[in-house]
Amino acid sequence: MYKAKVREASRELTAKEKIMLKDTSNAISLDEMTQEAQFNNEKVVLNIDYYVTIDVHNDKADDKDYQQFILVDKDGKKYYTGSTSFINNFIDIFEELTEAGEEVTIEIYRKESKNYKGKEFITCSVV
């Protein structure tokens, strides 16, 4: 069984938006996108409209209960990740910028882990 439910959103969502956001089959993986950008020596810069946290239960996954974090840019494109380091960093940036009434434009990139040799994690910075 697969079940997805919107846990939180940075703005009010319509029923149609909730249904749309629970379906990540047409969303872009930040993990894959940053790997490709790094390989091609390119930057990933997004102008974010809002974000949503989805609780997922999937009997076919190794970890049956997990979260997906969805970013929606100003063009309506969806991006997803489960990276805790990214989520925590992004929410801090998003809250401060929206509180100040500013656009949320971020660069998303990979960084080498200090704790795990040869591993990388996704994070972001204000542009």
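**Entry 1: strands and pairing**

I count two strands as paired if DSSP finds at least two bridges between them; helices (H or I, at least four residues) and strands (E, at least two) are DSSP runs, numbered from the N terminus. The model I am reading is predicted, so I kept local features only at pLDDT of at least 70 and side-chain atom pairs only at pLDDT 80 or more, while totals for chains, interfaces and linings use all residues. Residues are numbered from 1 along each chain as its sequence is written, and side-chain values use heavy atoms, with hydrogens and water left out.

I looked up the partners of strand β5 (residues 78-81). Strand β4 (residues 65-73) runs antiparallel to β5, and four bridges join the two. In this pairing I found Val 72 opposite Lys 78 of β5. The two strands make a hairpin, with four residues between β4 and β5. I checked the turn: Gly 76 has a positive phi of about 90°.

The other pairing I noted is parallel: strand β2 (residues 28-29) meets β5 over two bridges. Ile 28 has Tyr 79 in β5 as its bridge partner.

**Entry 2: two buried positions**

For burial I use relative accessible area: under 20% is buried, over 50% is exposed, and partly exposed lies in between (1.4 Å probe, protein chains only).

Is Gln 68 buried or exposed? Gln 68 is in strand β4, and with a relative accessible area of 11% it counts as buried. I also took a C-alpha separation: Gln 68 and Ile 54 are 14 residues apart along the chain, and their C-alpha atoms are separated by 5.1 Å.

I then moved to helix α3 (residues 84-99), where Ile 93 is found. Ile 93 is buried as well, at 11% relative accessible area. Its C-alpha atom is separated by 8.7 Å from that of Ile 106, which is 13 residues away along the chain.

**Entry 3: salt bridges**

My criterion is a side-chain nitrogen of Lys or Arg within 4 Å of a carboxyl oxygen of Asp or Glu. How many salt bridges does this rule give? The count comes to six. I wrote down three of them, as follows.

I found Arg 110 and Asp 31 in a salt bridge, 2.8 Å from N to O. This pair links distant parts of the chain: Arg 110 is in strand β6 (residues 104-112), Asp 31 is in helix α2 (residues 30-39), and they are 79 residues apart. Arg 110 is buried at 14% relative accessible area, whereas Asp 31 is partly exposed at 33%.

Arg 110 also forms a salt bridge with Glu 120, whose closest N and O atoms are 2.9 Å apart. Arg 110 lies in β6 and Glu 120 in strand β7 (residues 120-126), so this pair ties together parts ten residues apart in sequence. Glu 120 is partly exposed, at 37% relative accessible area. Through shared partners, salt bridges join Asp 31, Arg 110 and Glu 120 into one network.

I noted Lys 74 with Glu 103 too, at 3.9 Å from N to O. Here Lys 74 sits in the loop between β4 and β5 and Glu 103 in the loop between α3 and β6, 29 residues apart, so I list the pair as another link between distant parts of the chain. Both count as partly exposed: Lys 74 at 45% relative accessibility and Glu 103 at 48%.

**Entry 4: a negative patch**

I built patches from residues with over 30% relative accessible area and no salt bridge, joining like charges within 9 Å. Asp and Glu count as negative, and the place of a charge is CG of Asp or CD of Glu.

Which residues form the negative surface patch? They are Glu 8, Asp 92, Glu 95, Glu 96 and Glu 99. Helix α3 gives the most to this patch, with four residues. I checked one of the members: Asp 92 lies in helix α3 and is partly exposed, with a relative accessible area of 49%.

**Entry 5: a positive phi**

Most residues other than glycine have a negative phi. I found an exception at Asn 41, whose phi is positive and near 60°. Asn 41 lies in the loop between α2 and β3 (44-58). At 72% relative accessibility, I list Asn 41 as exposed.

Conventions. Patches are made of residues with over 30% relative accessible area and no salt bridge: like charges are joined within 9 Å, nonpolar side chains (Val, Leu, Ile, Met, Phe, Trp, Tyr) within 5 Å. Accessible areas come from the Shrake-Rupley method with a 1.4 Å probe; for residues, only the protein chains shown count as cover.
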